[in-house]
Amino acid sequence: MSATLAALRSDFARARWTWAAVGIAAVVLLIRKSWALTTPQLWAEDGSVHLLENDQFGAAAIFHPYRGYLHLLPRLIAWLTSHVADVAWWPLFYNGAAFLILLALLARFASPRLDLPCKPGLVLAFVLAAHSNEVFFNITNLHWVTAFFLLQQVLIKPPKGDDLRLALDLALIAVVGLTGPFIVVFLPLFVWRWWRDRCGENL
């Protein structure tokens with residue numbers, strides 16, 4: 001246990017600038033779109049699809065395609081929210097969950113398994129580039145955010161016998177792969193990665 005904690009402390013120390021960038025990104029997001037948490041509202045398909053179909057079909061809505069593909073993560077958030085909160089709080093739960101998922105994506109850049117140049121700059125690029133903020137703080141557009149988890153997975157080093165990390169990688173691919181159409185887009189990259197390394201964990 002102590003060896004694991006020491007390894008985590010070492011990983012954190014090596015990635016301290018990336019973690020600092022994650023903190024800055026979170027602050028920038030909150031400044032640019034603070035109303036999404038202070039006065040949250042349903043946005044686009046948040047209400048007309050995810051909330052409504054969860055109300056109509058319950059858990060079965062999780063497996064309903066919309067626009068030709070599944071939206072597993074937004075459907076799960078809508079279903080879980082309907083079971084843990086009063087309806088008045090649903091927009092806040094939706095927006096808060098979308099915010100936390102984006103932060104998880106940015107935090108994953110700090111992983112020592114992800115060997116990329118200028119990782120703090122990559123993290124900050126998500127929030128400092130000029131954009132309308134439309135994809136942030138709503139579950140409707142989560143598939144645009146979670147697509148980057150797939151790109152990270154293509155670039156990340158295999159867990160090398162660590163069964164827990166392998167299980168987490170597989171769970172991430174399953175959830176993100178069933179959220180939007182991007183698993184099809186990135187499939188050739190996953191195949192290329194396996195062909196290049198011939199690693200069972202990549203397969």
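Q: Leaving aside its neighbours within four places in sequence, which residues is Leu128 in contact with?

A: In this predicted model, Leu128 touches Val28 and Arg32 once those sequence neighbours are set aside. Contact here means heavy atoms within 4.5 Å, so both residues have heavy atoms that come within that distance of Leu128.

Q: Where is Leu128, and is Leu128 called buried or exposed?

A: Look for Leu128 in helix α7. Its relative accessibility is 56%, and the word "exposed" needs over 50%, so Leu128 counts as exposed.

Q: How far apart are Leu128 and Leu178, in sequence and in space?

A: They are 50 residues apart in sequence, and their C-alpha atoms are 29 Å apart in space.

Q: What makes Glu45 and Arg67 a salt bridge?

A: Their side chains meet with an N to O distance of 3.6 Å. The cut-off is 4 Å between a Lys or Arg nitrogen and an Asp or Glu carboxyl oxygen, so the pair qualifies.

Q: How do you know that this pair links distant parts of the chain?

A: Check where each partner sits: Glu45 is in helix α4 (residues 45-57), while Arg67 is in the loop between α4 and α5 (72-84). The two are 22 residues apart.

Q: What else stands out about Arg67, looking at its phi?

A: Phi of Arg67 is near 60°, which is a positive value in a residue other than glycine.

Q: Why do Asp169 and Arg113 count as a salt bridge?

A: Their N to O distance is 2.7 Å. That is within 4 Å, so the pair passes the test.

Q: Where do the two partners Asp169 and Arg113 sit, and how many residues apart are they?

A: First, the pair itself: the side chains of Asp169 and Arg113 meet in a salt bridge. Asp169 belongs to helix α9 (residues 163-177), and Arg113 lies in the loop between α6 (90-108) and α7 (119-128), 56 residues apart.

Q: What makes Arg196 and Asp197 "partly exposed"?

A: These two form another salt bridge, at 2.8 Å from N to O. Arg196 has 47% relative accessibility and Asp197 has 35%.

Q: How many salt bridges does a search of the whole structure find?

A: The search finds 5.

Q: How do you know whether α6 is mostly covered or mostly open?

A: Count its residues: 15 of its 19 are buried, so α6 is mostly covered, with "buried" meaning under 20% relative accessible area. From its first C-alpha to its last, α6 reaches 27 Å, close to the 27 Å expected at 1.5 Å a residue.

Q: Which residues of the largest nonpolar core touch the most other members?

A: Of the 42 residues in this core, they are Leu29, Ile77, Tyr94, Leu102, Leu106, Val123 and Leu142. The largest share, 10 residues, comes from α6.

Q: Which residues make a nonpolar surface patch of about 330 Å²?

A: Val84, Trp89 and Phe93 make it. Patch residues need over 30% relative accessible area, so each of these three passes that cut-off. Trp89 is in the loop between α5 and α6.

Key:
Residues are numbered from 1 along each chain as its sequence is written. This is a predicted model: local features need pLDDT of at least 70, side-chain atom pairs count only at pLDDT 80 or more; totals for chains, interfaces and linings use all residues. Side-chain values use heavy atoms; hydrogens and water are left out. Helices (H or I, at least four residues) and strands (E, at least two) are DSSP runs, numbered from the N terminus. Buried means under 20% relative accessible area, exposed over 50%, partly exposed in between (1.4 Å probe, protein chains only). The expected span of a helix is 1.5 Å times one less than its number of residues. Patches are made of residues with over 30% relative accessible area and no salt bridge: like charges are joined within 9 Å, nonpolar side chains (Val, Leu, Ile, Met, Phe, Trp, Tyr) within 5 Å. Accessible areas come from the Shrake-Rupley method with a 1.4 Å probe; for residues, only the protein chains shown count as cover. A nonpolar core is a set of buried Ala, Val, Leu, Ile, Met, Phe, Trp, Tyr and Cys residues joined through side-chain atoms within 4.5 Å.
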